[in-house]
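Hi,

Here is the structure I promised to pass on to you. Have a look at it first, and then read on for what turned up.

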Amino acid sequence: MDLELSDEQKLLADTVNGLLEKRYDPNARLALVQSPDGWSRDLWRQYAELGLLGLTFDEQYGGAGMGVDELAVVMECFGRALVLEPYLATVVLGGALVAAAGSPEQKSAVLPGVAAGETLLAFGYIEPGSRWSLQDIACSATPAGDGWTVSGEKIAVVGGNCADQVIVTARTPDGQLGLFLVEATAEGVRRDAYAMQDGQRGADILFSGAPAVELGGADNALETVRSVLDVAIAALCAEAVGAMDRMLWLTVDYLKTRVQFGQPIAVFQALQHRAADMYVSLEQARSMALLARLALRADDAAERRTLVRAAKLQIDMSARHVGQEAVQLHGGIGMTMEYPVGHYLKRATVIGKTVADADRLTELVGAAGGLVPPG
Amino acid sequence: MELALSKEDRAFAEQMREFFTTEIPAGIRERLGRGEHATKEEFVTSQRIMNAHGLAVPHWPREWGGQDWTPLQRHLWAQEMTLAHVPPPLVFNTAMVGPVIATFGSQQLKERFLPKTANLDIWWSQGFSEPNAGSDLASLKTSAVRDGEHYVVNGQKTWTTLAQYGDWIFCLVRTDPQAQQQRGISFLLIDMTSPGVTVRPIHLIDGGYEVNEVFFDNVRVPVDQLVGEENKGWTYAKFLLGNERTSNAGVGVIKNRIARIKRLAGPLLDDPLLRARLTRLEVETIALEMSVLRVLAREASLPAGMPDPVSSVLKLKGSELQQDASELLVDVLGPAGLAYRESAEVPDGFAALPEGAVDALPTYFNWRKASIYAGSNEVQRQIIAKAILKF
């Protein structure tokens with residue numbers, strides 16, 4: 001069983017952790033959150049130099065040709081440091097969509113720039129009323145000359161504030177779901193940019209007849225999107241585990257150093273047992289983050305999808321528990337913007353509402369017959 | 001979770017499944033699958049078939065019937081056995097006293113006891129807990145005083161599971177009342193037919209009878225029935241309790257309960273509330289199974305018997321999920337499970353009872369024990385807290 005990291009994967013983790021430990025102390029991070037861009041272009045260049053921005057792309061497109069296991073290693077490090085750069089948007093979603101659906105020309109045009117840190121991408125697939133549905137969308141694509149135009153609104157587009165190119169889902173005149181690539185500075189694109197609740201940046205984007213190209217010949221855009229989201233879920237699971245791990249150890253350190261009634265509060269059993277329960281939740285989450293990666297190897301798409309969703313459900317349940325308890329066990333200091341633990345709670349909460357939330361995942365896993373066969 | 005297994009390990013699991021589903025009588029397995037309890041004879045039959053095939057004590061040393069299996073293979077053996085509804089080898093024999101005798105006992109004790117223990121020719125009981133020594137086991141008071149070639153044992157053990165069938169009992173006894181708590185304890189093997197041994201039933205809230213009090217009144221025990229050295233019993237007990245890090249998770253038990261709920265729930269499976277609860281239970285169960293596999297994967301790199309807080313995670317979470325599953329079956333049965341009945345038989349003309357009507361609530365009540373025994377869940381939390389807070 002390869003349930004543990006290989007030596008190469010450990011080295012990758014050490015490299016990424018090494019960089020982030022130097023650059024991502026809580027004060028530096030807070031300064032970044034409050035900066036105009038909200039993240040560091042300098043760090044982005046360093047990620048490019050380390051090969052992280054083309055991690056999973058083919059080598060012919062400037063990538064490192066690695067798999068989801070390595071992606072998960074990076075995302076766990078990012079979760080631990082609470083990284084702000086638009087990695088999910090550009091690499092895990094945007095880059096992966098181009099890699100999966102783009103024509104060879106499109107891949108050559110987009111992916112090397114992404115891997116080099118020159119091009120930022122984002123994926124718009126959520127609309128004001130669509131909630132978790134990929135298909136219940138109003139965005140439309142209309143043929144125009146050699147290309148298309150796209151009209152409609154996408155919301156909660158993570159990285160949408162700074163993306164050079166945005167990939168959107170839209171209905172073509174024959175009612176099919178298509179994937180379209182839009183230059184963010186094109187006429188007919190308006191962005192309402194904002195900081196998201198966790199400090200990452202995003203935007204709602206309004207398209208009014210914006211010029212677009214279809215990504216590949218995408219006969220089955222829906223399946224492509226689902227497959228890319230399966231990988232993104234596994235990546236988010238790893239990120240959440242990194243964040244939870246950090247929350248647990250921040251809490252443990254705090255319990256050991258905070259003195260009240262003349263002794264460290266770690267001596268109080270009410271707090272000890274709650275810390276122990278956090279550890280249990282984290283272990284369950286870690287196990288399912290591992291399953292999410294293993295599941296991506298499954299041949300059967302339905303099985304793969306159910307397992308990946310089950311993994312995120314566990315991670316979301318664990319992250320809610322660990323996050324809430326981490327703040328509670330810190331007391332007042334946990335409520336402050338200055339102290340890091342609350343920022344982890346915020347990121348974990350946003351992950352819980354990314355791609356699908358716990359209720360939706362419960363519904364989907366249940367509808368697929370669950371995980372244990374009747375007998 | 002087959003995805004996490006190598007081809008060889010999958011083949012091993014398949015081989016075990018084949019053995020258990022062909023060699024153990026179907027009648028026994030079907031009864032257990034319907035929620036009934038194994039009788040003494042069924043335990044004996046099952047263990048003797050396994051022993052005849054070298055499958056009763058795979059974790060023992062090879063010369064006493066063990067197999068050179070990996071921790072994962074031992075796990076798959078146990079899991080396939082549970083999933084096939086096979087009565088397991090008696091835990092007191094094969095997981096507790098057997099490994100202690102094999103590791104710390106004299107050659108004479110090994111020869112005298114191990115073959116009969118593996119074959120369930122001797123039914124062992126466990127004499128650890130006392131009325132005032134539960135979670136604080138080391139405060140036990142049952143005394144063994146040396147008198148020539150005998151120890152004279154006086155005191156009381158409790159929660160002794162299935163002692164009504166017991167031939168012998170392995171006991172922790174205090175041999176040095178002056179020494180600090182853990183240091184004055186010895187590990188003694190006692191013939192339950194000895195004069196002065198009395199077994200009294202304890203009736204549990206489910207209406208069943210599985211545990212007992214065992215009284216010792218001037219019981220004379222030959223000194224050659226001491227295991228290892230006098231006053232080292234606590235070390236042996238810790239070895240015994242730390243032997244299998246993953247066995248208390250009970251993933252197979254939980255899966256069986258979930259599978260049965262799905263078989264019995266019928267249209268209720270479409271009820272969104274019930275299905276949501278069931279789905280979350282399934283997800284947590286698979287997470288637990290993955291946690292077990294992660295522990296097994298790194299087992300090889302940990303010294304045997306070394307405490308690992310993850311064993312406590314498995315016991316804590318496993319017992320909770322076992323309990324949750326027992327509760328869900330109660331909810332599936334609803335009012336049909338309210339009557340206390342000894343069997344599913346009803347008089348002529350009355351509607352047949354749905355499966356589970358007899359056992360759902362008794363099992364729910366009975367399984368409240370799971371978060372109390374084998375180190376209460378509060379003790380497990382304490383172990384985890386100690387490991388992470390390092391105080």
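Let's begin with chain B: of its 391 residues, 43% count as buried. Keep in mind as you read that this is a predicted model.

Chain B is built from 12 helices and 7 strands. The radius of gyration of chain B is 22 Å, close to the 21 Å that the globule rule gives for 391 residues, so chain B is as compact as a globular protein of that length. If you follow its C-alpha trace along the principal axes, it spans about 70 × 50 × 45 Å. Now take the contacts in chain B between residues at least 6 apart in sequence: 73% of these join residues at least 24 apart.

Helix α5 (residues 91-104) of chain B and helix α6 (residues 107-118) of chain B have axes that come within 10 Å and cross at roughly 160 degrees. Angles over 145 degrees count as roughly antiparallel, which is why α5(B) is described as roughly antiparallel to α6(B). The crossing of α5(B) with α6(B) is left-handed. Which residues make the contact? On the α5(B) side they are Asn93(B), Val97(B), Gly98(B), Ile101(B) and Ala102(B). On the α6(B) side you'll find Leu109(B), Lys110(B), Phe113(B), Leu114(B), Thr117(B) and Ala118(B). Sorted by type, the residues of this contact come out as 7 nonpolar, 3 polar and 1 charged.

On to chain A. Its secondary structure comes to 11 helices and 9 strands. The radius of gyration here is 21 Å, close to the 21 Å that the globule rule gives for 375 residues, so chain A is as compact as a globular protein of that length. Its C-alpha atoms fill a box of roughly 75 × 55 × 40 Å along the principal axes, and buried residues make up 54% of the 375 residues. Among contacts in chain A between residues at least 6 apart in sequence, 73% link residues at least 24 apart.

Chain A has a helix pair to look at too. Helix α8 (residues 269-295) of chain A packs against helix α9 (residues 301-330) of chain A at an angle of about 155 degrees, with their axes 8 Å apart. α8(A) and α9(A) are therefore roughly antiparallel to each other, and their crossing is left-handed. The residues of this contact divide into 17 nonpolar, 5 polar and 3 charged.

Is Ser281(A) buried or exposed? Ser281(A) has 25 other C-beta atoms within 10 Å, so it is buried. Leaving aside neighbours within four places in sequence, Ser281(A) is in contact with Ser318(A), His321(A) and Val322(A). Also, Ser281(A) and Ile315(A) are 34 residues apart along the chain, yet their C-alpha atoms are separated by 8.6 Å.

Last, how do the two chains meet? Here, 40 residues of chain B are in contact with 35 residues of chain A. On the chain B side, the elements that give two or more residues are α8 (251-265), α9 (272-299), α10 (309-333) and α12 (377-389). The most come from α9(B), with 18 residues. By type, the chain B side that touches chain A splits into 23 nonpolar, 5 polar and 12 charged residues.

Technical notes
Residues numbered from 1 in each chain as written. Chains lettered and ligands numbered in written order. Predicted model: local features only at pLDDT ≥ 70, side-chain atom pairs only at ≥ 80, totals over all residues. Contact = placed C-beta atoms within 7 Å. Helix = DSSP H or I, 4+ residues; strand = E, 2+ residues; numbered from the N terminus. Nonpolar A, V, L, I, M, F, W, Y, C, P; charged D, E, K, R; others polar. Axes fitted to C-alpha atoms, helices over the stretch in contact; angles between N-to-C directions. Parallel < 35°, antiparallel > 145°, perpendicular 65-115°, else oblique. Left-handed = near helix turned anticlockwise from the far one by under 90°. Rg over C-alpha atoms; globule rule 2.2 N^0.38 Å. Buried ≥ 20, exposed ≤ 12 C-beta atoms within 10 Å, placed from the backbone.
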